[in-house]
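Subject: Structure handover

Hello,

Here is the structure I said I would pass on. My notes on what was found in it follow.

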Amino acid sequence: MKILKTLFWPDIGENNRIDLFKTFPSIKSFFYTRKNFAYIRTLGDIIFLGLILLGLFGPQEPDRNIMLFLAWGVWWASIVLSWFFLGRMWCAFCPFPGMIRLVHKLKLSLFRPPSKWLKDYGIHLATGLFFLIIWLESTTPLTKSPFYTAIFLISIVTLAGVFGILYREQAWCRFLCPLGRITGVASTMALIEFRPDYKKCATCKGAPCKRGTDKIKPCPVYLGAVAVHNNLNCFICGHCLLLCPNDSPSIYLRSPFREVILNKGKGITCAYVIPFLIGSQFARFLAESEVFTAWANAIYFPPIVLFTILFFWFSLTLIVITKFSASAFKYFEDPLLGRFNLAIAILIPYGFTGELVYRLQYFLKNIGEFLPTLGRQFNIQSLINYYFQIPHSIIQLISILIITLSLFGSLYLIFYFYYRDFEREIPFKRYIHFLVLSTFIYISYVTFILIQSPEKV
Ligand code: SF4
Ligand code: SF4
């Protein structure tokens, strides 16, 4: 009952959270036993290395190499699913910074503190890189080629390694990783949060969680529990638990809307990440329909050009619409909070569930081919016949159900802002265009999903 109240009751106050360390001591003991993280990370590194080797040296036909499904189907879908339940915890186990750990261990790093340009421009570069990956995925044979996929993974590990040579701790993960950036923004909608007890921190001398000690390294992303106020950057890796002498940090179950409501679509990255994410999804869904092929043929545009135009058209249109909606609300500045944008806040559920739908569709479309592909790759005849196919209509139904959840989430936010956050001080008519916007986005998603062609999903 308490869990339901925490998740759904319109109360985002600190008292409506469940301290998971107190309620489930086994979770606390899991996080304090640091070997657990080391084991999971090592397992992840081994699987990752296996994927790269399969990509480089395995068969190159997509139906004879399981690495494609594991990388683009299982891995991607798992990361996106983890956004909602585990926040940014994926980053605590991610194999990409493996090279950083190695160069640091070998003392091959300059161990510089992160530079100003990294702090100022890193997040924009990371966001740009993320959308570059989306674009490459949709317009090149990347997801169909084991070799290119392996090269893609190696490039990210190498880039992370270069930043490991330059900087101390994990500058790549904090400032530049494209997956980390989007995972951080998505984690604002997670069901859990890692937070200290700020009262205990107020009396703490030296904040060892941030600075580390002679024996224990500091937080890998220059935070430490004391500096964690949102889910954007903390990996929930629990490393700083051992550094805290006051038993201050804990993990809390919370309302998934808590941070979205507090943040209200504030921040320059939010203002363009969400429109670009939704815009890219509209373009990706549309590219998987016969309509897209018909348009490309009618105007003699190569699909890559048409996709790029649609990607930017949808994204920029959404930026304009959200700006217009924010100004039509008339109240978008707060002396304490600064500038915010409620139109972005109410679209956040769509951005991240839309991504989940896209990844899940790939997974569901290809899961039936997994065992036969494994059989063909390793010559196990008995597996080749285990083929099955999830009907396209079921995939569409699941997709629409998930998107409908974001419609409910978006409506919940609109009514929460009206009733609780602004306490009905702002007339309801000022919220109507948010309702129209949310419904329009929902109908667009449903339309794009319904026109997807079974051959192309
Ligand atoms: S070491 Fe513990 S008490 Fe001190 S600042 Fe960090 S989290 Fe707070
Ligand atoms: S603040 Fe603590 S839990 Fe968060 S990333 Fe840093 S060390 Fe890990």
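A salt bridge here is a side-chain nitrogen of Lys or Arg within 4 Å of a carboxyl oxygen of Asp or Glu. With that rule, Arg17, Glu193, Arg195, Arg254, Arg258 and Glu259 are linked in a network of salt bridges. The model is a predicted one, and every value below is computed from it.

The contact between them takes 41 residues from domain 1 and 36 residues from domain 2. On the domain 1 side, Ile66, Phe69 and Phe257 supply 18% of the area buried against domain 2, which is more than any other three residues.

On polar terms, seven residue pairs are in polar contact across the interface of domain 1 and domain 2, with both residues at pLDDT 80 or more. Three helices, H5 (67-86), H8 (116-139) and H11 (178-186), each supply at least two residues of the side of domain 1 that touches domain 2. The largest share of that side, twelve residues, comes from H5. Sorted by class, the side of domain 1 that touches domain 2 has 29 nonpolar, seven polar and five charged residues.

How many salt bridges are counted between domain 1 and domain 2? The count is one. As a separate entry, Glu137 forms a salt bridge with Arg359, with the closest N and O atoms 2.7 Å apart.

**Salt bridges in the model**

Side chains of opposite charge can pair when their charged atoms come close. By the salt-bridge rule, the count comes to 15.

Lys28 and Asp247 meet through their side chains in a salt bridge of 3.3 Å, N to O. This pair links distant parts of the chain, 219 residues apart: Lys28 is in helix H3 (residues 25-32), and Asp247 is in the loop between helix H13 (208-211) and strand E3 (250-253). Are these two residues buried, exposed or in between? Lys28 is partly exposed, at a relative accessible area of 25%, and Asp247 is partly exposed as well, at 37%.

The side chains of Lys264 and Asp421 form a salt bridge at 2.7 Å, N to O. Asp421, at 27% relative accessibility, counts as partly exposed.

Glu355 forms a salt bridge with Arg284, and the closest N and O atoms are 2.7 Å apart. Because Glu355 lies in helix H18 (residues 342-366) and Arg284 in helix H15, the pair ties together parts that are 71 residues apart in sequence. Glu355 is buried, with a relative accessible area of 0%, and Arg284 is buried, with a relative accessible area of 2%.

**Two single residues**

Ile100 is found in helix H7 (residues 98-105). What surrounds Ile100, apart from its neighbours within four places in sequence? Ile100 is in contact with Ala160, Gly161, Gly164, Glu169, Gln170, Trp172 and Cys173. One of these, Cys173, is 73 residues from Ile100 in sequence and 9.8 Å from Ile100 in space, C-alpha to C-alpha. The relative accessible area of Ile100 is 1%, so this residue is buried.

Ser453 is placed in the segment after helix H22 (432-450). Is Ser453 buried or exposed? At 4% relative accessibility, Ser453 counts as buried. Leaving aside neighbours within four places in sequence, the contacts of Ser453 are Glu288, Ser289, Glu290 and His392.

Regards

Conventions. Residues are numbered from 1 along each chain as its sequence is written. Chains are lettered from A and ligands numbered from 1 in the order in which they are written. This is a predicted model: local features need pLDDT of at least 70, side-chain atom pairs count only at pLDDT 80 or more; totals for chains, interfaces and linings use all residues. Side-chain values use heavy atoms; hydrogens and water are left out. Helices (H or I, at least four residues) and strands (E, at least two) are DSSP runs, numbered from the N terminus. Buried means under 20% relative accessible area, exposed over 50%, partly exposed in between (1.4 Å probe, protein chains only). Contact means heavy atoms within 4.5 Å. Buried area is the accessible area (1.4 Å probe) that two parts lose on being put together, summed over both. A polar contact is a pair of N or O atoms within 3.5 Å; within protein, one must be able to donate a hydrogen and the other to accept it, and residues adjacent in sequence count only if both atoms are side-chain atoms. Ala, Val, Leu, Ile, Met, Phe, Trp, Tyr, Cys and Pro count as nonpolar, Asp, Glu, Lys and Arg as charged, and the others, Gly among them, as polar.
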